[in-house]
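The following exercises concern a single protein model. Please work through each task before reading its solution.

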Amino acid sequence: MLDHTHAPTAKSWVDGADGHPDFPVQNLPMGVFRRDGGAPRVGVAIGEHVLDVRAALELGLLDGLDPASRQALSARRLNDWMALPAAARKSVRHALFALLDATHPDNARHAAQADRLLHPQSQCELLLPADVGDYTDFYAGIHHATHVGKLFRPNNPLMPNYRHVPIAYHGRASSICASDTPVRRPRGQVRTAAGVDTPAFRPSAQLDFELELAIWIGPGNALGEPVPLELAAGHVAGYGLLNDWSARDIQAWEYQPLGPFQGKNFASTVSPWLVTSEALAPFRRAAMPRGDADPELLPYLRNAEDAATGGLAIALQAWLSTPLMRERAQAPRQLSASDARHLYWTPAQMVAQHTLGGCNLRPGDLLGSGTISAPDDSGHGSLLELTHGGTQPITLPSGETRLFLEAGDEITLTAHCSREGFQRIGFGSCRARIID
């Protein structure tokens, strides 16, 4: 639902917030930060600053919120805020907007307390937004699934179930990392040559990135009680960026018959800011249209409102910087330009499928969308696609080439939403560097 917080004319008293490419007052993403080694606190990104929500509470600037919301905002992680009903989270957004609004009757009093309320982002350590209890990675990017399928099954790239059911596997929550946490190259069993069934133990030589959306679960569901599709969107608190790193050579040896394991569980990186579902209201779109090749979905995956507004228009980018490029002060090379509109399944369909058998989701659980690739070569969301299975190297501005990632390489994911008549909002960055 659109309201005054989405108005393109809205301004903030915070210097540098108006027109900020990521964090104008129309966005107000939630996160967790700390300063000087102190305790984690809930924060909100506004321009190049972090609004200290605990400080706002202590100053009495959010007294209009109900006690449960104030208590949730006092926590050290966002799980309690995620657990709030959608209506309460919307009230939190309205209260934060009023606090930062340049036209609010009390804006002068708010601005006078900026020293207590605002901290430069550059002076803050941005942490994981939530304690992640469980992590599930979907495979909802149909173009990625098709490109990768063609590498291994040229005549049958998509398995028969793909267009019928949102496919996923349960990942490892303990190795979810905050942005800027280094990723250590994993070691494991790999096949030494095609057709050779005796593996070697060595560091992965095919380390890859994956461009994904992070889908953060809000209110959960009780064990044994599925979430119907018409209610599923209300169980998503917000979105971020996710790099689900993959060791392709380890994965290729181990994945049959039970799927990913060591090739995936060594690290996944998420962006620190959670763009709320409410902030994304102007950027909802129809789900990916179904064509003649698409079967009719089973009733539990069909809903007219989700088909009309369950998709998202989010422009996604992936960038690569090598040690030599940084030494030469060369800008990162853009590897991919894709969009969330290329998701075959909506987030609500993923939630409905996840809970179908009675699985209980909990506030702070994380869903990955799966790699989001565009249909053409400009939008491959992984090096596996970009290099055609590691056979065609890409050339970088430094003259270096890459098939897969090497020591010191840094991957940065970025995203933004733009639409005529509305203020652009962004997701910040999701960044990590490879170490051996």
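**Exercise 1.** How many nonpolar, polar and charged residues does the lining of the second largest pocket have? Determine also which elements and domains supply this lining.

*Solution.* The model is predicted.
Step 1: the lining of the second largest pocket has eleven nonpolar, six polar and eight charged residues.
Step 2: among the 25 lining residues, those closest to the centre of this pocket are Met1, Ala233, Arg284, Glu305 and Thr309.
Step 3: two or more lining residues come from each of H4, helix H8 (229-232), helix H10 (304-309) and helix H12 (347-355); H4 gives the most, with four residues.
Step 4: domain 1 (4-127) and domain 2 (135-434) each contribute at least three residues to the lining of the second largest pocket.

**Exercise 2.** Characterise the largest pocket by volume and lining.

*Solution.* 
Step 1: its volume is about 1,300 Å³.
Step 2: of its 46 lining residues, Tyr139, Val148, Phe152, Gln251 and Tyr255 are the closest to the centre.
Step 3: H7 supplies the largest share of the lining, six residues.
Step 4: by class, the lining of the largest pocket comprises 25 nonpolar, twelve polar and nine charged residues.

Definitions and conventions:
Residues numbered from 1 in each chain as written. Predicted model: local features only at pLDDT ≥ 70, side-chain atom pairs only at ≥ 80, totals over all residues. Heavy atoms only, no water. 1 Å grid on protein atoms, 1.4 Å probe; cavity = no way out; pocket = protein on both sides within 12 Å on 5 of 7 lines; lining within 4 Å. Points joined across faces, edges and corners; volume = space filled by probe spheres on them. Nonpolar A, V, L, I, M, F, W, Y, C, P; charged D, E, K, R; others polar. Domains from an automatic or database assignment.
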